[in-house]
Amino acid sequence: MVRTASAAGARTGRVVHGTGRRIRKATSAEGAGESGLAKLIELHALNSFGDMLITVALASTIFFSVPTGEARGRVSLYLLITMAPFALLAPVIGPLLDRLPHGRRAAMAMSMLARAVLAWTMAGVVTGGGLALYPEALGVLVASKAYGVVRSVVVPRLLPSRLSLVKANSRVTLAGLLATGVAAGVGGLLHLIGPGWPLRGAFLVFVIGTLMAFHLPHAVDSAKGEQRALLHAEVHGEVHGGRAPEDARAPKASLRTVGPSVILALRAMSALRWLVGFLVMFLAFLLRDEPIGGLRPTLALGLVALAAGTGNALGSVLGSWLRTRGPEATVTTMLLLATGATAAAALWYGVVTVVLVAGVAGVAASLGKLSLDALIQRDVPEAVRTSAFARSETLLQLSWVAGGAVGILLPLNGVLGLSVAAGVVGLMLLWTVRTLFRVGLRRRPTAPRVA
């Protein structure tokens, strides 16, 4: 028995070691190992793994373990306490990063450490699901979103010469999606031991992530040559000799100086993020209360979640293959597909169309985000690119919050809810197409104002 156990342990060790080598080879390909991007990819996978463990723990407490009406009330409270404060905090994160350009590794480490402490604290109160859980969930959410903003501005600093920004972001996103899928299974197994065990697992993951953040290359903290992007309208009046006239009025607050193509993509992506947030909240309750096609609620939710996850992964894979030419057309096409799928689901409400809209929304949001990244890379000078990434990320997060809020407030009627969603994204599609005809497919970057 000892010899058998020893041999089994040796084989397991070889499998783990071989798997680790293959993962490291994949993440380090095309110069990612030399530039340090591979370390960021691995850190992001760990971040996604930990966030998913916390999601599993919270979902089992505030969603699946109580009646539908009570669950809706709890999730509404969760949305109010966690999402609404973040909507107020999000605009602060980008400017704060501008003022602390040399502390990005520390900021990522602190976001990991904060979630580690909060996960351990929540493990003690998650069983009861009382009000004490919600402020801690707020802290987890804010720390997670802060990490996401920092990660977005770090990628250009670690970009290998052989990779485009779109492909690098696609690789980081895909690693996170794969880690999320694995973490869902691990979290389910840990939940069988006890409701607090997924949170204890998250604590361990985030402690490791805290240490890994400090092992990122020093280039992450370099702010050489960077400036802040002024996301305001152009100064009124004609510019002479590179200077605005003295009597020019103050700029009006908007997002125009990053270029019209970037604004087009931001609007389209905001609509797609709104749709994703809406579908997550609305379908979660709708399918639990009124399963479609005679399916059990858990099976219906599982199919929708699988379709959305597959769509996200497919979008990330396609993004690494597609050329970056014409990203304005790509993001507009994604919005068109999402609008069509949502309208079809409203007209022919059923298992196939609901699964289809979840998958299409996943693909559209993933490819649309990569197209937005490509436009920021093309149209925004390197000196202000990180600042533009930070501000665009906060806008997209706020759009998700707005979509989720609408999904919570609407009556649980599939045709009504999907019709409302189709109407919202349809209006944004018309606005985007109109802008596309005016902007055209640009090949030269525009010159945003900088500070």
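## Contacts along the chain

Among the contacts in the protein (heavy atoms within 4.5 Å) that link residues at least 6 apart in sequence, 85% join residues at least 24 apart. This is a predicted model, in which local features need pLDDT of at least 70 and side-chain atom pairs count only at pLDDT 80 or more, while totals for chains, interfaces and linings use all residues. Residues are numbered from 1 along each chain as its sequence is written, and side-chain values use heavy atoms, with hydrogens and water left out.

## Helices and surface

The protein has 14 helices and zero strands, where helices (H or I, at least four residues) and strands (E, at least two) are DSSP runs numbered from the N terminus.

Of the 451 residues in the protein, 50% are buried, that is, under 20% relative accessible area with a 1.4 Å probe, counting protein chains only. The protein exposes about 20800 Å², and carbon and sulfur atoms supply 67% of this area, computed by the Shrake-Rupley method with a 1.4 Å probe.

## Helices α9 and α11

The axes of helix α9 (residues 260-289) and helix α11 (residues 327-347) come within 10 Å and cross at roughly 25 degrees; axes are lines fitted to C-alpha atoms over the stretch in contact, and angles run from 0 to 180 degrees between N-to-C directions. Because of this angle, α9 is roughly parallel to α11, a term for angles under 35 degrees.

The residues that make the contact include Leu264, Ala268 and Leu272 of α9, together with Val331, Leu335 and Ala338 of α11.

Note on methods
Angles under 35 degrees count as roughly parallel, over 145 as roughly antiparallel, 65 to 115 as roughly perpendicular and the rest as oblique.
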